[in-house]
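These are my notebook entries on one protein chain. I set down what I looked up, topic by topic.

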Amino acid sequence: MQLDSGAPYGRLVRGFFARSASWPAWLMAVFLGSYVIGLLMPDDGFHLFVDGWLASLLKLSMVVVCWAAVMRKRSRSRVRIAASGLERFRHPELPLTAAAVTIIAIVDSYSLWMLIWGAEMFPRVSEVGYLLFFALMLVVLVVLVRRQLRGMVWSVVLDSAIGALGAASVLAVLLGPMANSVDAAGANKAIAAAVAYPLFDLLLVAVVVALTTSQGPVAGRRWILLVFGLLMFTSTGLVFALLETRYVLGTPLDAGWAVGLALIAVWADASSRPDLVRNNSSNGVAALALPAVSTAAGLGVLLLASQTPVPHIAIGLAAATLALAAVPLVSRQVALRRQSKTDELTGLPNRRALYAEVSSRLADDRSRNRALLLLDLDRFKEVNDSLGHDAGDRLLVQVGRRLLDGLRSGDLLARLGGDEFAILLEHTDQVEAEAVANKLRATLAQPFTLEGISLQTSASIGIALYPDQGDDLTALLRKADMAMYKAKATHSGHHVYRSADNRHGDARLRTLQELRLALTEDQLVLHYQPKICLKTGFVSGVEALVRWNHPERGLLFPDQFLTLVEEAGLMHALTQEVLRKALDQSVLWSAQARTLTVAVNLSASSLIDADLPERVGTMLSARGLLPTALMLEITEDFLMADRDRARDILTRLRASGIRISVDDFGTGYSSLAYLRDLPIDELKLDQSFIFPMADDARAAALVASTIDLAHGLGLKMVAEGVENSVAYDELVRYGCDFAQGYFMSRPISAAALDEWLTARQSAAALP
């Protein structure tokens with residue numbers, strides 16, 4: 001049965017009896033209801049059936065419920081621990097509770113029947129019985145609280161202590177009049193006993209309440225039954241001590257003891273069962289309110305003490321409450337200060353801690369050589385986009401651990417943000433710094449496991465040396481950053497800062513800004529390279545290649561800006577712009593009755609977009625183009641990085657009618673498995689295989705066998721980089737399907753391509 005943490009107490013009891021109560025518990029509930037009703041009915045005093053037989057049967061049913069719970073729990077415990085050979089009973093609170101309830105039942109029944117029979121009673125029997133009951137329940141509470149404290153964080157223990165002290169201070173004030181009455185009565189033993197017995201139990205009940213509200217119900221919601229039962233039982237005794245000088249049998253006050261014992265018996269029965277109700281969620285509001293309410297209670301007791309006499313113990317408890325309440329404030333300040341210098345995700349020092357620590361080290365000793373390494377993960381954005389930010393966060397945590405394990409004890413590692421880490425190496429020159437950079441890159445090259453996928457990553461590291469290249473952290477970070485981007489641009493893995501990098505860094509920042517403007521100001525243009533059908537000689541399609549028409553530097557080729565596009569996270573925007581321009585041009589060719597398939601290159605970072613098939617389909621539909629008007633070229637890197645994602649996206653693209661080509665085939669990690677499993681239409685053999693064909697027989701044989709492989713798999717083969725007639729003729733002889741290259745045409749603008757196509761058609765028409 002599942003109950004929310006705010007369910008009322010009555011719903012808990014109803015749920016208990018509705019779902020799992022044993023027949024003794026049901027019988028006890030019937031006896032309890034009848035007994036309470038009988039006590040509330042007007043009568044002339046003692047009633048034999050209600051106050052005699054019904055009360056005795058109720059006590060007996062409570063005893064049966066408790067001991068049945070003990071036997072049930074013992075049998076379950078023996079089953080659970082049989083394999084381990086442990087024979088001891090692991091839940092002593094249940095037999096102790098059963099013994100306590102049994103003692104009360106015996107004492108009350110003894111007193112009742114001695115009163116009915118008019119026999120002489122031993123005066124201390126009742127007194128000793130109730131003392132034993134409270135002593136046993138005190139042990140039960142100690143056992144439960146001790147078990148609850150195991151593994152609990154210190155802040156919860158502290159809040160619980162504050163709550164208990166606050167409750168105890170208020171309780172001491174309330175019990176003050178009783179203590180005074182005891183003194184005035186000349187140590188009235190009956191009242192003193194009635195006050196003293198439940199006092200420690202009430203204090204432990206306060207601890208139970210504090211633990212429950214601070215951390216939420218731990219043993220389900222069952223603790224509420226025990227807490228309410230003890231509170232009702234002991235409170236009834238306190239009311240009797242305040243209001244009565246002589247006990248009278250058969251008054252409504254007897255219902256308080258009966259209901260309290262019944263709740264304790266219900267708790268025992270529920271605790272012997274496998275998690276009747278379970279709610280492990282902590283009550284956050286209660287956890288925050290408990291220290292505040294307890295502090296206010298302690299402050300109220302001290303204010304009351306300034307106006308009227310209160311017991312000294314109440315003042316001491318209130319003062320202790322306020323003193324403990326100040327501890328979390330101080331500790332939280334310390335924690336906040338520590339958190340301000342700690343990266344929340346990885347637990348490493350953050351940028352603020354790096355500045356503080358490096359400044360301190362430089363101030364202590366400026367003579368030693370140091371090196372600052374700035375490490376940035378390559379293509380980390382693809383991990384976030386393809387696997388989600390949660391997976392990216394887990395990768396960063398694992399990266400931080402590996403880096404930390406690869407450093408010496410005196411070195412400093414910090415996470416600056418994103419996928420950037422800074423490392424300060426002590427007593428290090430350039431040679432040693434480069435050796436550490438290589439070691440760290442080798443460490444990160446080992447596969448990581450994320451979402452069940454084995455993922456390999458790499459890093460680019462920039463190195464700045466102290467004091468030669470900077471005498472403070474700001475200068476070192478700036479130069480290490482420029483060196484890191486130099487390492488990314490050259491794919492060298494790591495790079496040590498040089499003065500020439502400063503100019504490169506400024507140029508890079510300027511180019512990045514200009515790239516953003518190029519995307520918004522329509523500076524990107526497309527050139528088209530024809531793809532020739534080798535069987536017919538006709539132009540079957542074109543490949544769209546992006547160029548940047550820079551306002552100052554002229555026409556820039558992709559190798560001059562695509563790396564920056566990737567680093568700046570602009571590849572998605574660039575891909576959208578290229579697709580838009582290519583499809584707009586296809587519309588113009590369709591209007592001119594030219595049937596040309598336009599091939600567009602997609603980077604791996606573009607293909608991690610799960611919505612790509614729908615987005616491309618929308619662009620085609622908006623222009624009234626058939627899906628066959630577009631071919632998408634992808635690389636082997638994407639296919640091998642995430643096979644499942646590749647299959648999903650490519651299958652959806654193919655289902656819409658768009659054809660798929662694998663670009664630069666043979667240059668990456670080729671696998672016959674993906675050629676078999678993934679929906680691919682054609683392979684584009686890289687130009688590095690085509691160039692040596694005329695002079696290298698082995699190269700020619702490799703091309704011929706690759707063409708046969710493609711045809712065997714039902715794929716078309718396109719040869720790139722055809723620059724002479726020899727290669728062209730050989731490809732025709734080998735049965736290659738299509739060819740591109742300077743021998744036929746360089747990539748040219750759309751207008752130039754129209755002229756080229758017209759001239760080619762005219763030449764073909766000549767006799």
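The entries below go from the whole chain to single residues.

**Entry 1. Ground rules.** I am reading a predicted model, in which local features need pLDDT of at least 70 and side-chain atom pairs count only at pLDDT 80 or more, while totals for chains, interfaces and linings use all residues. Residues are numbered from 1 along each chain as its sequence is written, and side-chain values use heavy atoms, with hydrogens and water left out.

**Entry 2. The chain as a whole.** I looked up the secondary structure and noted 28 helices and 16 strands in the protein chain. Helices (H or I, at least four residues) and strands (E, at least two) are DSSP runs, numbered from the N terminus. Of the 767 residues, 49% are buried. Here buried means under 20% relative accessible area, exposed means over 50%, and partly exposed lies in between, with a 1.4 Å probe and protein chains only. I then turned to contacts, meaning heavy atoms within 4.5 Å. Among contacts with a separation of 6 or more, 71% join residues 24 or more positions apart.

**Entry 3. Confidence.** I checked pLDDT, the predictor's confidence in each residue, from 0 to 100. The protein chain averages 77, and 72% of the residues score at least 70.

**Entry 4. Aromatic pairs.** I applied a ring rule: rings of Phe, Tyr and Trp (its six-membered ring) pair if their centres lie within 6.5 Å, and planes under 30 degrees apart count as stacked, over 60 as edge-to-face and the rest as tilted. The count comes to 3 aromatic pairs. One of them joins Trp-548 and Phe-561, edge-to-face, at 5.7 Å centre to centre with 80° between the planes. Trp-548 belongs to strand β9 (residues 539–550), and Phe-561 to the loop between β10 (554–556) and α19 (562–567), so this pair links distant parts of the chain, 13 residues apart. Both Trp-548 and Phe-561 are buried.

Tyr-728 sits in helix α27 (residues 725–734) and Phe-743 in the loop between β16 (738–739) and α28 (750–765), 15 residues apart.

**Entry 5. Charges over rings.** A charge sits over a ring if NZ of Lys or CZ of Arg is within 6 Å of the ring centre and within 35 degrees of the ring normal. I found Arg-402 over the face of Phe-448, at 3.7 Å from the ring centre. Lys-531 lies over the face of Phe-738, at 5.4 Å.

**Entry 6. Helix α20 and what follows.** The expected span of a helix is 1.5 Å times one less than its number of residues. For the 21 residues of α20 (residues 571–591) this gives 30 Å, and the end C-alpha atoms are 30 Å apart, which agrees. Its buried residues include Leu-574, Val-578, Leu-579, Leu-583 and Trp-589. An α-helix has 3.6 residues a turn, so residues three or four places apart point the same way. After α20 comes Ala-593, whose phi is positive, near 65°. Ala-593 lies in the loop between α20 and β11 (597–601) and counts as exposed, at 67% relative accessibility.

**Entry 7. Other backbone features.** His-491, a residue other than glycine, also has a positive phi, near 55°. I located His-491 in the loop between α17 and β7 (494–496), and at 67% relative accessibility it counts as exposed. A cis peptide bond joins Tyr-466 and Pro-467, with omega about 5°. Pro-467 is placed in the loop between β6 (459–466) and α17 (473–490).

**Entry 8. Cysteines.** How many disulfides are there? Taking a disulfide as a pair of cysteine sulfur atoms within 2.5 Å, I counted 0. The sulfur of Cys-533 has its closest cysteine sulfur in Cys-736, 9.9 Å away, which is too far for a bond. Cys-533 is buried at 15% relative accessibility, and Cys-736 is buried at 3%.
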